[in-house]
Every structure is written in structure tokens, then in C-alpha cells.
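This briefing is meant for a reader new to the structure.

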Amino acid sequence: MKKTGTNLINSRKWKLTFAVLIFIFSLISVSAAISEKELWVASIEKNEESIIFANHSESPTEGGWIFLSGGKEIQLPQPLNFTYNGTDSLERAGTTFKLNPESKPKSKSKSKSDQEDITELVFTYPYSTHSFYTGKQNVTMNFNGSSAFKKQNVNIYLIKGLKVRSTGEAIIDLVDNETINMKEIFDNSTDSCNKICATLDKNGDLAEPLTFDCLEPGSYGILITLADEEDKKEKPDKKEKPDKKEKPDKKEKTKIERKILSATCFEVLDYELKTSTVNALEEEKDLEVDLYLKDAPAEKKFTYGAMLVRKDAYKADINFSTNGTRAGTEIFINEIGIARDLGFNSTNYESKFNKSELTSGVQTLIGEGNGTISIGGENQKSLSLITLDLLPGDYLLFTGAYEKGKGIVGIDQKELTIYEAGAFQTV
């Protein structure tokens with residue numbers, strides 16, 4: 001197993017660019033098998049440069065996904081479905097985004113203008129968990145790619161400073177006339193990322209897992225590109241020199257292509273969160289939860305929260321809808337609009353934490369009778385969750401610790417059962 005340390009500098013320039021790249025992988029079409037023509041699903045073009053994104057499938061072994069392990073595995077909603085409804089091309093401030101017509105499904109309908117296709121892309125994320133880490137844990141990654149990329153040389157980038165939440169902000173900025181300097185993405189003269197070279201095996205996978213150690217707390221992104229495309233240099237062909245009497249066509253420039261195979265992101269948290277509670281609870285009894293942040297300084301201020309969700313109701317259908325404008329862009333989770341129905345957006349997210357709006361919003365997403373949430377006061381480590389409306393069954397308990405100015409600094413998960421009143425239960 002290959003190991004590597006890092007010496008990274010957090011750069012704001014990387015956040016927007018890589019957020020856009022990762023968001024593109026939320027818009028990929030799905031097929032049981034990907035043909036040669038369907039290898040590439042989308043592209044971004046600007047100033048004679050283009051970034052092309054590889055297609056994915058729902059297969060965990062052939063789908064082109066990065067798999068992370070080695071940390072605290074947190075259960076993801078099952079199923080976790082993504083749907084994109086919107087235009088198949090955008091052009092803003094000299095930047096053009098297009099979906100590949102050979103890989104995307106046929107348009108489901110037409111927009112009101114009858115000039116812009118409304119494209120629907122749907123896929124289900126193949127993995128059931130996502131890992132969170134602390135500084136003492138190694139981050140192990142593997143890549144399960146398409147066999148079409150067998151024996152290809154690739155570059156793997158580890159980028160510090162990329163947050164999951166910034167992906168939505170990035171795509172909105174893209175459609176709202178914000179420019180993107182794509183040269184920054186592959187500028188090796190910066191210290192914003194750590195680059196590792198590798199060769200895929202005969203199946204298009206990493207030959208062996210790659211491990212990152214000694215990572216400082218923060219948000220990270222991983223990006224995999226085809227090395228042979230990235231290393232091309234913009235040089236004129238010596239065999240074809242323009243006639244001295246004729247001026248060379250300024251429009252004829254070498255087009256630089258960057259081919260992106262996959263991307264993901266993860267968090268290295270400040271502390272390990274320990275959760276103490278029962279494994280089984282009689283219905284209509286309150287659930288008492290005690291939380292502890294290991295090695296956290298006593299003088300610091302934290303906000304603790306706990307959420308109990310019925311296991312068979314823990315699912316997510318995420319729908320991203322856009323007509324190419326900020327006003328026409330919305331994200332829905334289980335048909336609930338994040339901005340429209342809950343009032344959450346990129347500017348008020350942190351201000352709503354630990355307030356009644358957040359509790360109410362999360363409860364709306366969970367659904368009545370499917371779970372409950374409790375957020376304590378400052379440094380309140382013992383929480384009580386009211387389960388009066390919850391039916392007997394299997395539940396997931398998620399706990400977290402929040403620090404102002406940093407965000408989530410600890411996370412944990414447990415499983416428990418609520419059983420019928422009066423029923424004998426072995427704990």
C-alpha cells in the first residue's frame with residue numbers, strides 16, 4: 001500500500017474551480033456499460049482550454065468512483081439518488097459548459113422558449129457509507145475505473161480547502177456570469193495541492209490503494225486526471241511552418257484538453273466524538289445521549305446535536321433543477337426545496353445552526369414520525385430526544401459537535417432499536 005505525506009497550503013483559488021469539477025460528477029448519466037463514445041459526459045471550455053469529464057455508472061467496481069476508507073464510516077441514505085433537470089449547455093462570461101449529446105439521455109421535454117432542451121440525468125450513488133477522519137487516522141483511497149482506461153497513466157491531486165457545501169455555490173456562480181480561471185487548476189507552480197503519479201491496471205483501477213497520512217484538520221478534495229493529456233504542452237508543429245509571406249491565423253491555437261476521470265471530497269475533523277446511549281429503548285421513552293469530544297480543550301465552546309432517524313425512512317432523492325440563472329436554480333431533497341421551503345442558503349447556513357430554524361428544517365427533511373432531533377446549548381454534552389411519536393423499529397443515531405468559526409469538529413453514529421412497550425427486550 002502506497003503512503004504519502006502532504007505539505008499543503010489552503011488557497012481560495014482552488015475552492016471554486018474544484019467545486020465545479022466535483023459538482024459535474026453529480027450530473028453524470030448512468031448506464032450498465034459505457035461504450036467508447038460514451039466515455040465522456042460533459043465539458044467546460046474557456047480561452048482555448050477545455051476540461052472533459054468522464055462518464056460514470058452505478059457499478060462500484062467499474063463505475064469510475066473513488067472509494068475512501070480508514071476513518072469513521074457514517075451511513076449514507078439508502079438509496080441516495082441524484083437527478084439533474086435543466087439545460088444541457090450554458091455560456092457565461094466566455095465559459096461554456098456542455099453535456100455530451102452521445103452520452104446524455106434524450107431530452108424529456110422542451111423549455112418554454114422551444115430553443116433550449118431540458119435534460120434529465122439520473123444516477124444512484126453506489127456506496128452506502130462515507131468516511132470522516134481525525135488527524136490520527138490515515139485516509140486510504142482506491143479508484144475503480146472503466147476498463148477503457150486500462151494501463152493509462154494518471155495524476156492524483158489532493159487539494160486542501162474544498163468544502164462539500166461549496167459545490168452548490170460554485171455551479172450557481174458559474175451560471176451567474178462568474179468567470180473561472182481554468183489554468184489555476186493545473187498550475188504546478190503553486191503549493192495548493194499534492195500531486196501523485198500512478199498507472200491504472202488492466203481493469204482501469206488503481207493497482208494498489210493510496211494512503212495519505214499526517215493530514216491536518218480541514219476539508220479536502222481528490223481529483224484524478226489522465227496524465228498524458230495533462231502533460232501536453234502548447235508547442236507549434238515544427239514540420240508545419242507558416243509561409244513567411246502569409247501571416248499565421250491567430251485563431252489556430254493548440255487546444256489544451258484536461259481529462260478528469262473522477263473526484264470526491266472528505267473531512268478531517270479536529271476531534272473524535274464519543275457517544276454513550278442505550279442499544280434498545282422502550283417506545284415513548286425519551287432517549288438520553290451523552291457526548292464527549294476526546295482531547296478537546298476544556299476552555300473551548302462547542303454545540304452538540306443528536307438526530308434519530310428510522311432506518312427504513314433514511315433515504316434521499318436529491319434534485320438539482322436550473323434554467324441557467326440564479327433565480328431559476330433550486331435544490332430539492334425528497335421534494336422539499338432547500339431554499340424555497342426551508343430558507344437555507346449559502347449565506348445563512350452557519351447563522352441558523354443551533355437555532356429553532358435548523359431544528360425545524362431538519363425535522364421537515366426527516367418527516368413526521370420518522371425521527372427526532374435535539375440541539376443543546378453551549379457545551380451541553382447531555383441531550384434528551386423525545387421519541388413519543390416514533391414507532392417500534394430499527395433506528396440510526398447521528399451525533400455531532402460544532403465549533404463556531406470551524407464548523408463540524410466531531411461526528412459519530414450508532415444503531416439502536418425502539419421496542420413495543422411492555423415487550424421483553426435483551427440489551
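How many residues lie between E27 and E28 in the hairpin that they form? Three residues lie between them, and Gly405 in this turn has a positive phi of about 90°. The model is predicted: local features need pLDDT of at least 70, side-chain atom pairs count only at pLDDT 80 or more, and totals for chains, interfaces and linings use all residues. Residues are numbered from 1 along each chain as its sequence is written, and side-chain values use heavy atoms, with hydrogens and water left out. Strands (E, at least two residues) and helices (H or I, at least four) are DSSP runs, numbered from the N terminus.

**Strand E27 and its partners**

- Strand E27 covers residues 393-403, and ten of its eleven residues are buried, so the strand is largely enclosed by the rest of the structure. (Buried means under 20% relative accessible area, exposed over 50%, and partly exposed in between, with a 1.4 Å probe and protein chains only.)
- E27 pairs with strand E21 (residues 303-310) in the antiparallel sense over eight bridges; two strands pair if DSSP finds at least two bridges between them.
- Leu397 in E27 has Leu308 opposite.
- Strand E28 (residues 407-419) also runs antiparallel to E27, and eleven bridges join them.
- Thr399 has Asp412 in E28 as its bridge partner.

**Aromatic rings**

- A pair of aromatic rings is described by the distance of the centres and the angle of the planes.
- Rings of Phe, Tyr and Trp (its six-membered ring) pair if their centres lie within 6.5 Å; planes under 30 degrees apart count as stacked, over 60 as edge-to-face and the rest as tilted.
- The count by this rule is nine aromatic pairs.
- Phe67 and Tyr127 have ring centres 4.9 Å apart and planes at 50°, so they form a tilted pair.
- Phe67 is in strand E4 (residues 65-69) and Tyr127 is in the loop between strand E10 (117-124) and strand E11 (129-134), so the pair ties together parts 60 residues apart in sequence.
- Phe67 is partly exposed at 28% relative accessibility, whereas Tyr127 is buried at 8%.
- Tyr133 and Phe266 have ring centres 5.6 Å apart and planes at 75°, so this pair is edge-to-face.
- Tyr133 in strand E11 and Phe266 in strand E17 (residues 256-269) are 133 residues apart, and the pair links distant parts of the chain.
- Tyr133 and Phe266 are both buried.
- Trp65, Phe67, Tyr125 and Tyr127 are linked into a cluster by ring pairs.

**Asn85**

- Asn85 is in strand E6 (residues 80-87) and counts as buried at 19% relative accessibility.
- Neighbours within four places in sequence aside, Asn85 is in contact (heavy atoms within 4.5 Å) with Thr119, Glu120, Asn319, Phe320, Ser321 and Thr322.
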